Structures are given as structure tokens and as C-alpha cells.
Amino acid sequence: MYALTVLLRRWCLLQTNLIVAGVGGQGVITAGFMIAETMSVMGKNVVMSEIHGLAQRGGAVTVEIRVGDVYSPIIPKGRADIILGFEPIETIRAADKANPETFILMNSEKQTPVSLSMEGREYLPDDDISRLLKPFKHVVKINATGLALEAGNTRTINTVMVGAAIATSVLPITPGELKLTLRKRFNKSLYDVNERALNLGINYVKNDIIQNDDGEIKNLHS
Amino acid sequence: MRDSAYHVIYSANIIILYGDIYIVMIMSLVDHILSTGPGEKLFLLGNEAIARGLLESGVNVATTYPGTPSSEVGDVLSNIAQKAGMYFEFSTNEKVALEIAFAASISGLRSFVFMKHVGLNVAADSFVSTVYSGVRGGMVVMTADDPSMFSSQNEQDNREYSALAHVPMFEPSNPQEAKDFLVKAYELSELFHIPVLFRTTTRVNHQRGDVVTAEIKPSKKKGVFTSNPSFYVDLPSNSYTLKQKLIEKMGDIQKYIEDLGINKIISNGSEEYGIITSGEGFNTVMDAVLDHNLKSDILKPGVTNPLPVKTIETFLRGHSKIIIAEELDDFLEQRIRSIAQLLSINVKIYGKMDGYFPYSHEFSVDTVSSSLSKIMGFDFVLPGDPVDMSSIPQRPPVFCPGCPHRATFYAVKRAVNMAKIKDVIYPSDIGCYSLGCYPPFNTGDSMISMGASIGLATGFAKVTGQHVVAFIGDSTFFHAGIPAFINAVRNNSTMTVVILDNRTTAMTGQQTNPGVPVNAFGENAYEESIEAILRSTGISNIKTVDPYSIKETLIAVSSAIRSEGISIVIARRECAILRDNEMRKEKRWEMYDVNQDRCTQCLRCVENFACPAIYIDHEKVKINPTICDGCGVCAEPYVCPYRAIEKVVPVAD
């Protein structure tokens, strides 16, 4: 059943909408770029919106990518198919454009916004995060920072997340296609560490999360 | 100072805010922009496509002052212009940039000057008159507008400048068009000897999409200027004639653009509805029409001043109802309603003058769908919020970890508090330091335009008895600050100005400015001294400090705010992003952590210093090692009086 849903999504839908959200400095734009360029190379019509300027490190950063029969780079409300959240609060913020069927992949590493710290407050408790994500059926929580460290460089969080995104099969690209982009863009040593990060992200979602055919992902809530 | 580091940083790449990995990626992309042959497909940012368009147009000279959303064009050119045989510079401000481009153009070369929308306000004085004079080599002026004000102080619709200046204007909708329209713009400019306005918006400049390349045109090496005062000297007697010629020229251009092949018509065989749109508005209209399966034809003129009247007339006559869907002002609507009235075309027109479309903020597919549903009578309900966002804390832009501005503002606030001055006015200016207006610093009582802090400070000082402490950055100082300083001196003002010199034009992506010893290409350039410039205006009370020393800044500001006349504190320390790159190259990394035995949870650091790396977790103050920049300012006793923040040996990355 799940495999069928995936195939339907990949080949029949007119458009796929992806949001990559995180905090400035986490490699959000790079992650979006890797996915978008791979889809472009594979002959898809891709539009991607980036916002540069003002927020550099520590501010919220969002990239929206649309593939298929689309013109505007901005995703309409309720139409995100997959959200790659590099940070829990930013994941939930991006979920404003999600619907119950949206795949939400969330890096569990928290970055407390200064606006909270300044008031002497702490990060949202895990229960609140789970409650806020309750409306969504497919939520996968990933320790991308841990996996990036395992790959050999904490800066590859974004590549881990890209791997996780590909493993959901929501995006019309394969791991092999994504690796071609990595190979084109990175020198040998950077490629190796990024390939490891990509595989770790893919395997995490493949082996640890998607185990049955019903498509239900309850990792976060369990 | 650190010449070699500047060479490395500025010549390596400008877009370094995403770290090493991004540098590698962007560098190879930038090379592609120049090295890719014709007929290839590239996946380019709008601004990268524009850079390619310049190569395909054989442009010889390009100038700019960095401004979002136009900056990446400059970032690409600083990498490839020399290889392409193109002259490129980051000019001191937009007006100077435009004048250099104009000189190139009337010397027979093709020139390009680009800026953000408010930059054209700065350049407007020269711009409007260059249109009277006309050009020889093609000249294109790009204005990058910012609907919804992602990084701007206003969202003025610069299409209005095309009417004000009587200049033809192109409006592309995506990266491919941005490149292709540029080529057409240069042809038009040279054919009619007139500058061309090229109007983009954030969603075009920062949209990434497929771009099919064409042949790169070789550029000429040298221009030749031949004196022709009746054109290039805008004396009243000359301009009197030139204005008349300009009006005639625009009449000819109106006919020319009808068949330029850039007016897009999408026909769905509708006799009832026809939608006229332009720029990014077209993209949202297309999506709304596809999403709701609407039966409507669509017309998108590629040149929106002058409008292709014949094309529009045919479109108006072919439909009983016309919808004009454009972002921001009713620029098209006013003109199209006039055309219908002039030609006595009986057609119902819907737009924003009758309240269907908003006058502010960029379009989304949702806003356009909502407006179209009211006009065309179909059901459209915006999906509700899936998540209650009210419990989600905001994450507004903040000073980066290690940013010297945070330390400067912290010291200024401490100095003002210690002096027990309650009535301070803080005029601020445009740059990263604008963020000082947010809590906890609240050091921004005004911020309107480049360099305005100094003029406002002078005004406040004259009309109130309050203390004035103004802020301005290094690039803004050179851009428009200097005349205001001269004015303040001449008129015996009393005020304190803190100049936040982070040795770069940081907010737009770390471009060079006159205060650093290198130019756009990373070559040696004269390093202007802010101190020397200020001294030459007659200001003598100048103190330069390192903001990483709170004590030094505190003492300097305390003394400055007690002085009569104009007192200056220059807080000089390179941008944290430049410093990071330097340190990474030297494989040097420092990090700080909280010694929990000493920490009393006074929370002074989180509440007053506001560094993204410092946070509270399980009632303990902690430092996030992945964010900490190792600047060490928080370890100073002025921030942590208990000396609980200590340097630690970082784990290797």
C-alpha cells in the first residue's frame, strides 16, 4: 500500500512542494539547492525561492522548492508535500503550509531563539512539540546532528536531512541522482563526508522508520 | 590591516554566510555562468541569470552599490567580470555608480548599473537627466524592488520611475526571462539611444530556475567619447529641446515593442475573462488559473512602459471582462483604464482601484486566488492554520554570534545607564546594526534611509534639549554620511556618533567598501580612513576602540556623551563572518562554556547580551558549542560579573 502511494506521488502528481526550514548557519539554502538542482538536472521543471540578506546567522531561514507544472516559487497554504525542518521550532513554523498528509522530517537538535532566552524562558518542552505536530500523520524525528558527527563533520547536518528526504520517496529523485550532484559540486574529501552523511540520512529513514506498508509514521509520538 | 586576509576572503567568494561547503558550491556555479556554451541548461538564481545576460549582451562596464535583492549580481561579477573582460566596481553609492555607467555608455560602451529600489532614489538625480541626454552604447539600469519588504525600509513601486523619467521599462517574471529580456533591453537602448529601466522584484532576483544559455558576446575594450554639448550638457536651453525629442522617442518605442516577441499571450479561448499581469504577478496568476482550472486568457507585456497599446487594444476588444492583476501600485490599471476610455472600448475592468486586489505586499497564489474568486465567482477557501502559531516563539534576525555590533551596543547602553541619562535619542541607520533597534538594546529611535542618522541627529540636537547618540556603519558613512557630518560641523551641533566599522558591507553579503584595502576583484585599493575624513571636516573629538573590549568602548562612550560639540566613537572590528573565515583558514578555533559552579543564574548574559549561543536549559545557563563563535566578549566581567564564562578547548570538528 505504502509503495503504491509513493509511486502515485512520484509519477502522477502534477506538482511536489518542499519546504526546507531552519536557522541561519545550518546550511538550509545549500540543502534546498542540492535537491532542486538534482531535480532540474533530471529534467523536471523546478522553481525555488531563496531569501538572502538581513538574517545571516541565528535568524529563521526558509527555502521553498516547487517541482512540476508550477510558476510561482511560493507554495500556497496547505500544499506543502514535504517539510525538512533543521530545528524543531522552525519545523513547526514551516508546518503552517502543511496538511495532515504532509511528510515532516525534523532534526531534533534545538536552538533556543534569543527572544526566549532574553525573557529568561527555556525552549518549548518536548511534549509541546509533540502536541503541536499531532495533526500530521507522517512525522519523522531525526538526530541529524548526531548522524552528521558520525559521518565525520557536524556541518553535514543538511546532507543528512537531504538523505532522509530522499528516502521518503516523496521527491522525484533517487539517491544515485543526488550523488551525481554531490560529485559535481564537491571535491573528493568533501564528497566522501557528504556521501556518508547522505547514506546515514537515507538509512535512518529506510531502516528505522518506514518498516511497514501502511504508510503511517508515528516515530515521534511513540 | 590584514591585507592578505582580505585578499583571500574577498577574492575567494563573497557569499560566505553559509560556510565552507557553500563557498565550494557557489564557486563552481559562478564559473559555469561564464564557461557554459550556448544552448545549455543551467539552474540559476535570477541574479545569476542576470549576470549571464550581461555576458550574452557583451556588456563592458557594470557598477553597483550592494543592496538586497540585487546583491548577488555583484557577487558573481566580482568573480567573473575580469575573466570576461568586463569592468566592474562596487561604487561608493548608487548615484556615483549610475554616473560611471552613463559615462561608459556615452563613450560607446554597453553599461549596466544595478541597485535595490531605494538605491534608485539616491541615483534618481542623475538618472532622470541621463534620459534627456540619451546614450550611445546600450545602458540598462536595474531596479530590484522588494514587495513585502523582506529586507527594505519601504516597498515603493519603481515602475513609477519609468513614467517619471520617460524611460522604457522591462519586467521579467523568472530567471530565463531576466536573461533574455536583458539582451532585448540592450538592443532597444542602442536603437533608440535611451537608457532602459529593468525592473525586477525579490521573487525574480531570488528565484532559482532553469535557464537556457545563448552565445556570449565579446565586449569592446575601450570607449571613445566625442564632445557633443547639445546632448550631454543639460543646460536649460539644451534640455528644452531634448525633452521634446524624448517624448517623440517614447512614441516610436511604443510601436517598436508591439512586435518585440516578449509580450506573452496565453490563450484558453475565453471570450469572457482576460487577465493582464506582469512580473512575478504573472507566476501567481498562472498558478491560480491552473489550480482552479479557470477559463481565462492571460496577457503579460514584457515592456510595461510604454505599454504595447495595439496588443492591449486587441486583448481588450476580445474579452468582455478584463482583470488587471499586478503587485503594489495600480500602474498598469491606470494606464489600461485610460486606453479603454480613449479608444471607447466597452469592457468591464476589475483591479485594485475597485478593491479586488491589495495595494500592498507581494502576491501569493492564495491572495490572487482569493481576488479572482470574488471577481469570477468560484469557491475559494483559504485552508485554516494546521498549527496554533501563537505558542511558537519568533526568531527575528539577530546579531550573529561573535558580531562586534552586539558588544558595541552593550557598552553604549551600559555607558548611558551609568551616566544616568534618561532622555537619549538614538537615530540609527541602514546596515546590520539596524538590528540594535530590537530588545534588549533598543538603540534605534529612527531609521529611514542611508546616512539619515546623521541628519536626524543634527535635527534632534537642534530642536530638543535631549542627548543624541547616533549610529552609522562604515559603508553607510562613505555612501551618504559624509555630507551630513559636514553640515553638523558647520551648524555647531552637539551630538555623539558611534561609527560601527566592521570593515565590510556586511548585511548584503560582505562586499568591499572604501574603508578596506581591496576592491571588488580583491586587488589593492586605497584604504580610506574614517578618522582622517572626520578630522578634515573639523571634528577633533574622535576615539577609536575595539568593541571586543567592553571596557574600552564603555570608557570612550562615557566620555563622548559628556562632551560638548560633536564626539565620535569608532568601534572597529571586522565582521564575525570575515573573522570566522580567517580563523578557519588558520585552523584556529576558540570556544566558551559556563562554569556551573560559579554561575549564579543572574541571567545578565541572556537578558542583556542576547547572543544566540547562550540559552537557558533546565534552569541552567548554557552555551551551545555548535553556535558559539569564540569571541569571548560574554566572558568579560562587564557581561558576567561572576566570571562564570570560561574559555574551553573545543572538540575538533
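This is a predicted model: local features need pLDDT of at least 70, side-chain atom pairs count only at pLDDT 80 or more; totals for chains, interfaces and linings use all residues.

Me: Where do B:Glu531 and B:Arg572 sit, and what does the pair tie together?
Reply: B:Glu531 is in helix H19 (residues 530–537) of chain B and B:Arg572 is in strand S18 of chain B, so the bridge ties together parts that are 41 residues apart in sequence.

Me: Is B:Glu531 buried or exposed?
Reply: Buried, with a relative accessible area of 13%. B:Arg572 counts as partly exposed, at 21% relative accessibility.

Me: Which residue does B:Arg572 form a salt bridge with at 2.7 Å?
Reply: That one is B:Asp501, with 2.7 Å between the closest N and O atoms. B:Arg572 lies in strand S18 (residues 566–572) and B:Asp501 in strand S16 (residues 495–501), both of chain B, so this pair ties together parts 71 residues apart in sequence.

Me: And B:Asp501, buried or exposed?
Reply: Buried, at 3% relative accessibility.

Me: OK, new topic. Which residues are linked in a network of salt bridges?
Reply: In chain B, the network links B:Asp145, B:Asp157, B:Arg159, B:Glu171, B:Arg199 and B:Glu326.

Me: Tell me about B:Asp145. Which strand is it in?
Reply: B:Asp145 belongs to strand S5 (residues 139–145) of chain B. Its relative accessibility is 0%, so it counts as buried.

Me: What does the side chain of B:Asp145 make a polar contact with?
Reply: The side chain of B:Arg199, at 2.8 Å. The B:Asp145 side chain also reaches the backbone nitrogen of B:Asn158 at 2.9 Å.

Me: Which residues is B:Asp145 in contact with, leaving aside its neighbours within four places in sequence?
Reply: Among them are B:Pro69, B:His117, B:Gln156 and B:Thr200. The list also includes B:Asp157, B:Arg159 and B:Arg199, and those three are in the salt-bridge network too.

Me: How many salt bridges are there over all chains?
Reply: A search of the whole structure gives 46. One in chain A joins the side chains of A:Glu195 and A:Lys179, at 3.9 Å from N to O. A:Glu195 is in helix H9 (residues 188–209) and A:Lys179 in helix H8 (residues 175–185), so the pair ties together parts 16 residues apart in sequence. A:Glu195 is partly exposed, with a relative accessible area of 23%.

Me: Now the interface. How many residues of chain B are in contact with chain A?
Reply: 81 residues of chain B, and they touch 69 residues of chain A. The area buried between the two chains is about 6,700 Å², with carbon and sulfur atoms giving 58% of that.

Me: How many salt bridges are there between chain B and chain A?
Reply: Seven salt bridges. On the side of chain B that touches chain A, the residues divide into 42 nonpolar, 19 polar and 20 charged.

Me: And residue pairs in polar contact between the chains, how many?
Reply: 22, with both residues at pLDDT 80 or more.

Me: Last one: which strands of chain A and chain B pair?
Reply: Strand S2 (residues 46–49) of chain A pairs with strand S8 (residues 207–212) of chain B, in the antiparallel sense and over two bridges. A:Met48 has B:Arg208 as its bridge partner in S8(B).

Technical notes:
Residues are numbered from 1 along each chain as its sequence is written. Chains are lettered from A and ligands numbered from 1 in the order in which they are written. Side-chain values use heavy atoms; hydrogens and water are left out. Contact means heavy atoms within 4.5 Å. Buried area is the accessible area (1.4 Å probe) that two parts lose on being put together, summed over both. A salt bridge is a side-chain nitrogen of Lys or Arg within 4 Å of a carboxyl oxygen of Asp or Glu. A polar contact is a pair of N or O atoms within 3.5 Å; within protein, one must be able to donate a hydrogen and the other to accept it, and residues adjacent in sequence count only if both atoms are side-chain atoms. Ala, Val, Leu, Ile, Met, Phe, Trp, Tyr, Cys and Pro count as nonpolar, Asp, Glu, Lys and Arg as charged, and the others, Gly among them, as polar. Two strands pair if DSSP finds at least two bridges between them. Helices (H or I, at least four residues) and strands (E, at least two) are DSSP runs, numbered from the N terminus. Buried means under 20% relative accessible area, exposed over 50%, partly exposed in between (1.4 Å probe, protein chains only).
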